[in-house]
Amino acid sequence: MERIERRAFVLELAGNAAFLEEVLVLQRYAQEVMGELGELLERPRCHCARLHFLTNQELMGLLAQSSPEHLNLLVGKLFNHVCGLRWSENSVKGLLTMEGEELHLLSPVVLTKDSGDGAGIGAGVQRLLDATHLTMKAAVQRVIEELGKERKLTRTMLQEAPLAAVAVAWRVWWAAGVDMVLCATTKGERSALRRQLDKITEDITFLLGAMGRGQQRREEEELEQEEREVPQVPLSWVRTPSGRSCRSRRASVAALPSFRCLPLLLVTLHARDVVSSLIRSNACSVEDHRWVMQLRYSWQAQNSHLQLHAAYRIYDQWTSDKEFPQAALTTAMSIVAVAPQTMW
């Protein structure tokens, strides 16, 4: 009432039928505008569901400026752990993560094409998403092939391949290795699991070394060894601090960032614990419960799908008057897009 008293003209306008009619007309116009705006914003979102992560204002700004420069400001909302784009003119060439990792797309993606209905930007973001999936799948396939050649992790893989691809390929690789070892154990090779455990231990040592752990201790041991071997080397070279520093720099290798090694180290430590439990339980078959209970990854190269096996058991199911034959209960999930842990 106080507000109305301060604005007495409101009561006067309330009795004006022409004014009320005009207000109702404007309200209908506003509803029509909002409806058409909703349809306009729904078109790009129908082409790419990730655009629902953007507010209406952000999406309208992207429709007004459909360029990689403007999308670069919003890409963090569309892709997890992505902070920027690499682009040239109207084509996106790669994505940047918060950790500084860069994913180079297999081919540049044209963000917008001639389309006046607002759906062009939605189709462009969807093309970017599809290109990211294809690039990550190709990276996983490439790392798996490299693991097949090298039979172990290499520094080149850790430095050049996307971390998510290496993590996925490494999970697939060690699970396949344990499957092969258990098959060999079934044929009578009782020491196969212990050899696999030795390999996993070597991988842990490699990852710790790649992170720089233990490097300082090795350098100190080398220096102590040099001091004990004074007669074999020039005295001035051994006792000179600059000589020690020079020798240490030649012997050491720059440590990799911890974010590139820690996920793989955790996976490898888990693999060590799993294989240790298989040894303690005297597992001798791929159907052993200690192995069946583990989450295992497999890679389907023909369609580039990652399959997660949650369980595989042979069971007999009985009902009141009906018998079901033995069947394999398999819980599996096909992951079409490899969306890892720290990227995409």
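Helices here are DSSP runs of H or I with at least four residues, numbered from the N terminus. By that reading, Thr186 belongs to helix 8, residues 163-186. All the views below come from a predicted model.

View 1. Start at Thr186, a residue of helix 8. Which residues does Thr186 contact, once its neighbours within four places in sequence are left aside? They are Cys284 and Ser285. Look also at Val286: its C-alpha atom is 8.4 Å from that of Thr186, although 100 residues separate the two in sequence.

**View 2. Helix 8 against helix 9.** Here the axes of helix 8 and helix 9 come within 9 Å, and they cross at roughly 160°. Angles over 145 degrees count as roughly antiparallel, and therefore helix 8 and helix 9 are roughly antiparallel to each other. Their crossing is right-handed. On the helix 8 side you will find Trp170, Gly177, Val178, Val181, Leu182, Ala184 and Thr185, which meet Ala192, Leu193, Gln196 and Asp203 of helix 9. Sorted by type, the residues of this contact are seven nonpolar, three polar and one charged.

**View 3. Helix 9 against helix 13.** Now turn to helix 9 (residues 192-210) and helix 13 (residues 258-280), whose axes come within 9 Å and cross at roughly 160°. Helix 9 and helix 13 are therefore roughly antiparallel to each other. The crossing of this pair is left-handed. Helix 9 brings Leu193, Arg194, Leu197, Ile200, Asp203, Ile204, Leu207, Leu208 and Ala210 to the contact. From helix 13 come Cys261, Leu264, Leu265, Thr268, Leu269, Ala271, Arg272, Val275, Ser276, Leu278 and Ile279. How many residues of the contact between helix 9 and helix 13 are nonpolar, polar and charged? There are 15 nonpolar residues, two polar and three charged.

View 4. Helix 4 and helix 5 pack at an angle of about 150°, and their axes are 10 Å apart. This crossing is left-handed. Glu58, Gly61 and Leu62 of helix 4 touch His70, Leu71, Leu74 and Lys77 of helix 5. These contact residues comprise three nonpolar, two polar and two charged. Side chains of opposite charge can pair when their charged atoms come close. In this view, Glu58 and Lys77 form a salt bridge through their side chains, at 2.7 Å from N to O.

**View 5. Strand 1 meets strand 2.** Six bridges connect the antiparallel strands 1 and 2. To follow one of them, find Arg86, whose bridge partner in strand 2 is Gly94. The hairpin of strand 1 and strand 2 has two residues between the strands. In this hairpin, Glu89 takes a positive phi near 55°.

**View 6. Strand 2 meets strand 3.** How many bridges join strand 2 (residues 91-97) to strand 3? Five do, and these two strands also run antiparallel. A handy landmark is Leu96, with Glu102 as its bridge partner in strand 3. Four residues lie between the strands in the hairpin of strand 2 and strand 3, where Gly100 takes a positive phi near 95°.

Notes
Residues numbered from 1 in each chain as written. Predicted model: local features only at pLDDT ≥ 70, side-chain atom pairs only at ≥ 80, totals over all residues. Heavy atoms only, no water. Axes fitted to C-alpha atoms, helices over the stretch in contact; angles between N-to-C directions. Parallel < 35°, antiparallel > 145°, perpendicular 65-115°, else oblique. Left-handed = near helix turned anticlockwise from the far one by under 90°. Contact = heavy atoms within 4.5 Å. Nonpolar A, V, L, I, M, F, W, Y, C, P; charged D, E, K, R; others polar. Pairing = 2+ DSSP bridges. Salt bridge = Lys/Arg side-chain N within 4 Å of Asp/Glu carboxyl O.
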